[in-house]
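Open the structure in your viewer and keep the selection tool at hand. The stops below go in order, each with something to select and something to look for.

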Amino acid sequence: MDAVQNYIKTNKDRFLNELFELLRIPSVSADPRHKKDMLTAAEWIKQNLSISGVDTVRVYETAGHPVVYAEKFVASNLPTILVYGHYDVQPADPLELWDSPPFEPIIKKTEIHPDGAIFARGSCDDKGQVFMHIKAFETMNITGHLPCNVKFMIEGEEEVGSVNLEKFCLEHKEMLACDVILISDTSIIANNIPSITTGLRGLSYVEVEVIGPNKDLHSGVYGGGVANPINVLCAMIASLQDEDKRITVDGFYDKVIELEEKEKKAVNSAPFDIEEYKKSLKINAESGEKGYSTIERTSTRPTLDVNGIWGGYIGEGAKTVLPSKAFAKISMRLVPDQDPEEITDLFKKHFMKIAPPGVSVQVRPHHGGHPVVTPIDTPEYMAAHLAMKDAFGKDPIPVRGGGSIPIVALFEKVLKVKTVLMGFGLNSDDIHSPNENYGLFNFYKGIETIPKYFANYTSLKK
Ligand code: BES
Ligand code: MN
Ligand code: MN
């Protein structure tokens, strides 16, 4: 593996410069104004995969944003690893909260990243982590250390729910056939505490609208006489959780699997400092469902959160107006065995039921995703454990993740293949927030760890 190390060292700066090029493309999947940038990003990745040594690479059109697919065949008696990732990013708004422009990557030193971190939208989620795989592949390929077959599927709609990817997978089942799916789109506990993600929460996402009088009204002339949709919406939302922060949607917990005592212990044994947590977020108290720890609340328990709420007058100064409509976007993170479609239905029924007289309510479902838990007693997982142990000099800890990657459950259903979530970000990297960043340490550690995964997996499978 010395040749691998040397190659990475020699090409360090070029790897970073190439990643900067990718980060400069504003591939925001949610915003139709960036449709062309999505194609530009896909083509850029295609080009980079191509010069990195794949046999074939192609940009596939979908009903949404394109998918980049590539492969390198070594031998038919060797296993095939499929690398999945996404080149789309979250919107950079609010722009004024960024210390430097989101699509002009720069390196800055921080307390957490004393060796420097790359600041840009997508630096960690997920362009930086996808690019580690491309450069790890280049390294293995050129140094003659590629031990097995490899396929890449890099999509452009993860941040908007991967709605067109199921069809793509169904239509290209044979092309995507593989032994394991490897994803770097999650985090580790800290740079000196490696961990491997062993589960993801599912998601149900809805937009609600509360409609009152047929037009905006003078809040003096009509105020007190009719239901105010914003007041009503706030009261309805407040009632969705009780004083113990349990979700009141009828049937919400019916399919939730409680952890066994042993699992609960394991989950809570991961290093976690609540004081550090509060300090890093500048809050004076944590908050969440009664009877559960912060680790559980953010990984193995379901949640309900308002992501945005609007209506009425929000301009300068005061306008006395009683609005006609109020809106909110609400997400529910789900855990095994909750089903996103069922939960969306339950939510809809409940929300309609609690609407008071004087308003009407609409609930519009957005994308969703199933929760997953990945086994740890498999060669797929063991290969990651050993790779991380070797690269970090410490045993990695299995940790259930709180975020969602909708396609993982689908891979299991459609391709019948298990996924390994070997990510290298930190929870403090501010993904989806202003000033997203990714440590140089993490970027290079990823490139170093991935070839170890390939080697371990191949020999464990032999
Ligand atoms: N990479 C994240 C998911 C993630 C982050 C998992 C950190 C574990 C730790 C992914 O890009 C993401 O943001 N997913 C969305 C899914 C949604 C848009 C369907 C999420 O979790 O909100
Ligand atoms: Mn991601
Ligand atoms: Mn994301």
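This is a predicted model: local features need pLDDT of at least 70, side-chain atom pairs count only at pLDDT 80 or more; totals for chains, interfaces and linings use all residues.

To colour them, select residues 2-200 together with 371-461 for domain 1, and residues 202-256 together with 302-369 for domain 2. Each domain is thus given as two stretches of the chain under the domain assignment.

Next, show the residues where the domains touch. Domain 1 gives eleven residues to the contact and domain 2 gives ten residues. Between the two domains about 690 Å² of area is buried, and carbon and sulfur atoms account for 62% of that area.

Now select Pro371, Ser404 and Pro406 in domain 1. These residues supply 59% of the area that domain 1 buries against domain 2, more than any other three residues do.

Move on to ligand 1 and select the shell around it. The shell takes at least three residues from each of domain 1 and domain 2. It holds 16 residues, and Glu158, Asp185, Arg333, Ser404 and His432 come nearest to ligand 1. By class, the shell residues around ligand 1 are four nonpolar, seven polar and five charged.

Zoom in on single atoms. How far is a polar side-chain atom of aspartate 125 from an oxygen atom of ligand 1? The distance is 3.0 Å. At aspartate 185, a polar side-chain atom lies 2.8 Å from a nitrogen atom of ligand 1. At serine 404, a polar backbone atom is 2.8 Å from a nitrogen atom of ligand 1.

To finish, show the surface of the protein over ligand 1. On its own, ligand 1 has 520 Å² of accessible area, and the protein covers 89% of this.

Key: Residues are numbered from 1 along each chain as its sequence is written. Chains are lettered from A and ligands numbered from 1 in the order in which they are written. Side-chain values use heavy atoms; hydrogens and water are left out. Contact means heavy atoms within 4.5 Å. Buried area is the accessible area (1.4 Å probe) that two parts lose on being put together, summed over both. A residue is near a molecule or strand if one of its heavy atoms lies within 4 Å of it. A polar contact is a pair of N or O atoms within 3.5 Å; within protein, one must be able to donate a hydrogen and the other to accept it, and residues adjacent in sequence count only if both atoms are side-chain atoms. Accessible areas come from the Shrake-Rupley method with a 1.4 Å probe; for residues, only the protein chains shown count as cover. Ala, Val, Leu, Ile, Met, Phe, Trp, Tyr, Cys and Pro count as nonpolar, Asp, Glu, Lys and Arg as charged, and the others, Gly among them, as polar.
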